Amino acid sequence: MGLRRCCCMLAIVLAYGLWLVPPETALAQQGKPAVAGSLPSTNLSNDVSTDPSLPRPAPGFANARVAGNPLAPEAKSVGMKTCIACHQLEADHFTHTLHALGLIAANKADPAIPVCEACHGPGSEHAKNPQAKGLIIAYTKDGGTPIDVQTRTCLTCHAGGPRDHWLGSVHQRNGLSCSDCHNPMAKFSVEGSMAKQSINDTCAQCHKDIRLQFNRRSHMPLPEGQMSCDDCHNPHGSLSSGSSLTSFPLAKTNTVNETCYQCHAEKRGPFLFEHAPVRESCLNCHTPHGSNQNTLLVAPVPFLCQQCHTQQRHPNDLQTANSLMTGKNPDERIMGRGCLTCHANIHGSNAPAGPRFHE
Amino acid sequence: MTRSLIRFLPLACVLCAASAHADTGIGVDTWRADKLDPTGGMASQACDADGTSWLAPLQRRSPTGNLYNCAPESPRTYELGDWIYYGLIEGGYLGASGDRVALWNRYADWRRNNLVLGLLQVNLERPSDGSYVDVRASRISADDQLYQSVFGRAGAYKVQAFVRDMPNILSTDAKSIWNGVGTNNLTLPASLVPGASTPAQVAAVSAGAPLTTLGVKRSKQGLGVSTYLTPEWTAYVNLSDEERKGTRPYGGPFFFAFAFEGPPFFMQDGGVNETIKPIRDSTININGGLRYAGSQWRFDFSYSGSFYRDKYTAYDYQSPFKLSPLPVIPGAISAPLYQGQMSMEPDNDYHNLQATATRKIAWNGEISFSAAGGRMSQNDSLIPPINCQGVFGIGIGNLQVGPQNPLLYDCSKWNTTDALSQKTADMRIDTTMLDARIRLNPVSQLSLRGSVKFDRQDYRNVYLLYNPLTGQYGYPSENGTQGSIVPGEAGIFDPLTSPSALTRVRSLPLDIQTIDANAGADWRFSEKNTLGATFDFNRYEPTNRERTQIDASSFKLTWVNRSIDWLTLRVNYTYLNQTGNTYNFDPYDFTFSSSLPGYVPPAAGTPSHTVDAMRKYDMSSRDENKIDVMATFMPRDDMTLSASVRGDWNSYDAQIGRQAYDTAGATLQWDWQIAVQSTLGAYIAWDRSRLGLSNVQDQQNGAGVDPALGGANYALIGQWWANDAQRDWYAGLTFNHKFDRVRFDLNWNYLYSRGLTDYSYAGPTALAHLVGNEGPGPGNGAFPSMVYRVNSITAGVTVPVNERVALRLFDYYERGRINDWHYAGFGQGLVAGNRVYTDAGPQGYNANLIGLFVNVKL
């Protein structure tokens, strides 16, 4: 039955693809010179004449102006057409990005709003001497533009909000540029104008070791594409120094636990009976990026628990392989879930008879 | 209307009218995809054969030196009025074969052969005003699917909606002896008598039970709006609702089984039940805010709220095992207990308001102030202390409650909420955060920074374990079973009848206060060399913990070097010293009955709670050295070699407790852009961790009064040490190439993890069980290696049929091997004495997935 449905579906999709008459082609099929010709030019005279039939520029682009380039103080704006004369292919790729959509529409409504030069600065000196580094604001390794000029240019429009604490952040201090992670020149990712195909791939450029930890036995669903590094971290900087027991680097919230509660709200409590290290930080017992233990645990139970629990009677016994199901003295304290078989509500218990997390 | 239809309403609204908000500053849901394509659709995009630029043949590099990806082919677009649109649909058949176990299907529902929608992507753009609509969908199964839609105008507003289902398969080899799996009432089948079955009878039922899959499905829907109010002011609101439904293995204690099987009792007693917890809950998350970004000032006002609701307050389960009293009192009879309860997580509410103001100041600087206040609270109805009928405890000669039976308790005095000091939880934590920070650039080569942050969690309210019906303190321990097996250990303190009972009588409020201050400077001492230094001081002040003040001071050095054309180097080194005030090894006495008036210490004295030498690792003094080196080499224009080395060494000042925790690792990744449409990449990596701890077994059977390490109770002969060493080796290869018209892709990933836990002990009394081969002196040993090895390979070809249609055929083979000693022997049966397990543990697998997809550009 399943195979028959499959064949029918494939046939339908194939028939559609093979025989349906293509609709009228549009912008990207007009040929690259035609595309270039259709793009607006920047009004160099600052003599603004707005077509009243066009909507006003979107607020996010209304204040966009030619970026300042300290390495080319004499440069003048040349307009997008001039840029495209050489960078035709780049313009073609740029067409379907959110930046292009917004800037081009804004430029049509207000020719004083630049397109290319909003980010790359005035192009006249670069046009005269294209090989000279630094005459245009470049976002590449060998473009000649200092990192702080690159980031400052982006922050002209993107200041505030998630990037409020970029200055002083660990990424800023380590000399990262916005364009280490973002590349708005083409649609390299479905969201976020990322430099790689996803947020996770982008972070893995430098943090490959962390990304590989997600391949371990227990992990959060990051390799499966169900979440991203940005769900827990704000790579643009945060209020977290990462040096306290309750914080971690570039934390998206004020504490470790607050970050975890975003998806694990059931752990928030507060419970009638609390487990002190749990309330303090989930990272006391869990390693967030992947573990070869079950459930992201830092170490195998019962040894994980026995780092702290040496109370009299059963918690402080040394278990050996003899306590496994295959041993001479099977012992529930180490078999299966180990300690958690009895202390199941280890994250906190709301049972009036649950001080030891049994209920 | 069913919930499944209701959850699509936000999406429908967006489609008709206009994703939740993806914001690195607040909330989750920043990415939605599935394992078929974790990039959310980019894997099917072909590179533009013309490259990225007419001016340069290859890709440019990011400022760090990584090669940018090839630019995707520009889409074929069509006109629809003043809109243009483009898109694609990819669907086909996914055939799964081999072992369909939890490790293979953990977050991807590949359990059945299926027609799937790989990707539907439709984009509409209106160039005249920058409006756009993006629709994206993928469906592997009803448990693994996503649909999202975004509508907006670039630079003006954005409305997003999504619906997503995600599986989380936990076990595929579970066997339940209970009926009612997934509900809050687990009952035994007719072939077992609750509280009166033998292990053999339970084993027979377990062996005959069908294999059950345990897992939790997360179903989430969200709606988000963000808009510019003016060029400076923006506003946003995001709302999501997530439902979790399923089952997971959990606990069910009816007191120890291990304690009775060996000498001196040689009996089967107690009951260890690995029950199945029902998961039926939902969470609504809301966040919203206003942001202002002007030339001098920036403001950020935000609200976050979360509302968690659980369908169940608790679940009940029947235990099959018979309880017997310890043979220390003639004529003793155990109460016939057979039913236990497990509380669920309480419904909870959370609110948080935060405001940040930032001002540009002299020296190209900024000064920023943030304040936040929040509250997390729950007032769930409490369950009774016990759910038994009749009696619990031990009777002498009979089970009649009365003065003649001081160890026997009437269930009716404990099995209603009238037996509680309060009927709802009424627990609350208030949070406060204040932060101030400054950054200055007095000259272009120098930047200075400093910050102070204050964080506080105020724990409100305390729960008292007091039964107004009996006037007694404490609680029936382990569903009443402890006191039904061990005379005098019911967990109930009565100043008249059990004045020496040591039991918990109060909850533990845990206030936390943190002050963090740091100052640092970065100096660009040459055009492409920067040195940075940061000093950080952190004071952590918890209440009711072993220390009330812990100070951590750290010094960090950073060096960034770009002076060599073919290299970017980043080096970070941190030294941290943590210390604190006097370590109180037993701060919890106030929560025990020993703190109540009327408490009478036993003749030998009140047993110590723990050993004085224990240093819990979060509270312990420690030294940490951490180094992190990242290097990006550019040996040729078309190659990148990335290398990293990390190490983190922690030494703890602890005789008992964690003594060391060291991690180290190295990675090497090579990427080669062979041609515009050809790439080759490979990586190898290695990491290790070592955790060392020590503990000590008490020698006086729980009655020791002396807490001193080396004393009579915690004698050094009982000390032991354990080391857990983990090693991981990784390797992988990626190859993409276009042969004429056919695209070929190959991906191989390998992981070999090996964990070894070994131990040594000062004397055999450290051991949980003496098996007869131990000498009088020290010994050592190790557990079997814990191994997890995965080898996976994916190979695919994409063949264009015409300009719009392509066929994709791929095969994904994965082989996984796992050995977790916790589950050694579980394959032979899930019952051992008075213990019944449900989950047989993780399974190795050989699995294959073959896909035949048609990709049609719309």
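**Questions on a predicted model**

Visitor: What share of the residues of chain B count as buried?
Guide: This is a predicted model. A residue is buried if 20 or more other C-beta atoms lie within 10 Å of its own. Of the 858 residues of chain B, the share that counts as buried is 50%.

Visitor: How many helices and strands does chain B have?
Guide: Both kinds of element occur in chain B. Its secondary structure comes to six helices and 40 strands.

Visitor: Which strands pair with β18(B)?
Guide: Strand β18 of chain B covers residues 391-396, and five of its six residues are buried, so it is largely enclosed by the rest of the structure. Strand β14 (residues 332-334) of chain B pairs with β18(B) in the antiparallel sense over three bridges, with I333(B) opposite G395(B). Three bridges also join β18(B) to strand β19 (residues 408-410), again antiparallel, and here V391(B) stands opposite D410(B). The partners are therefore β14(B) and β19(B), with the enclosed strand being β18(B).

Visitor: What do the buried residues of helix α4(B) pack against?
Guide: In helix α4 (residues 199-208) of chain B, the buried residues are V202(B), V205(B) and S206(B). They cover an arc of only 100° around the axis, which puts them on the same side of α4(B). On the other side of α4(B), A200(B) and G208(B) are exposed. The buried residues pack against β6 (157-175) and β39 (835-836) of chain B.

Visitor: Is L211(B) buried or exposed?
Guide: L211(B) is found in strand β8 (residues 211-228) of chain B. Leaving aside neighbours within four places in sequence, L211(B) is in contact with D173(B), A174(B) and K175(B). L211(B) has 11 inside 10 Å, so it counts as exposed.

Visitor: Which helix of chain A gives the largest share of the side that touches chain B?
Guide: The contact takes 164 residues from chain A and 210 residues from chain B. The side of chain A that touches chain B divides into 70 nonpolar, 62 polar and 32 charged residues. Its largest share, ten residues, comes from residues 2-19 of chain A, helix α1.

Visitor: What distance separates the centres of domain 1 and domain 2 of chain A?
Guide: The domain assignment of chain A gives domain 1 as 65-157 and domain 2 as 269-341. Taken over C-alpha atoms, their centres are separated by 57 Å.

Note on methods. Residues are numbered from 1 along each chain as its sequence is written. Chains are lettered from A and ligands numbered from 1 in the order in which they are written. This is a predicted model: local features need pLDDT of at least 70, side-chain atom pairs count only at pLDDT 80 or more; totals for chains, interfaces and linings use all residues. Helices (H or I, at least four residues) and strands (E, at least two) are DSSP runs, numbered from the N terminus. A residue is buried if 20 or more other C-beta atoms lie within 10 Å of its own, exposed if 12 or fewer, and partly exposed in between; C-beta atoms are placed from the backbone. Domain bounds come from an automatic or database domain assignment. Two residues are in contact if their C-beta atoms, placed from the backbone, lie within 7 Å. Ala, Val, Leu, Ile, Met, Phe, Trp, Tyr, Cys and Pro count as nonpolar, Asp, Glu, Lys and Arg as charged, and the others, Gly among them, as polar. Two strands pair if DSSP finds at least two bridges between them. The arc is that of the directions from the helix axis to the C-beta atoms.
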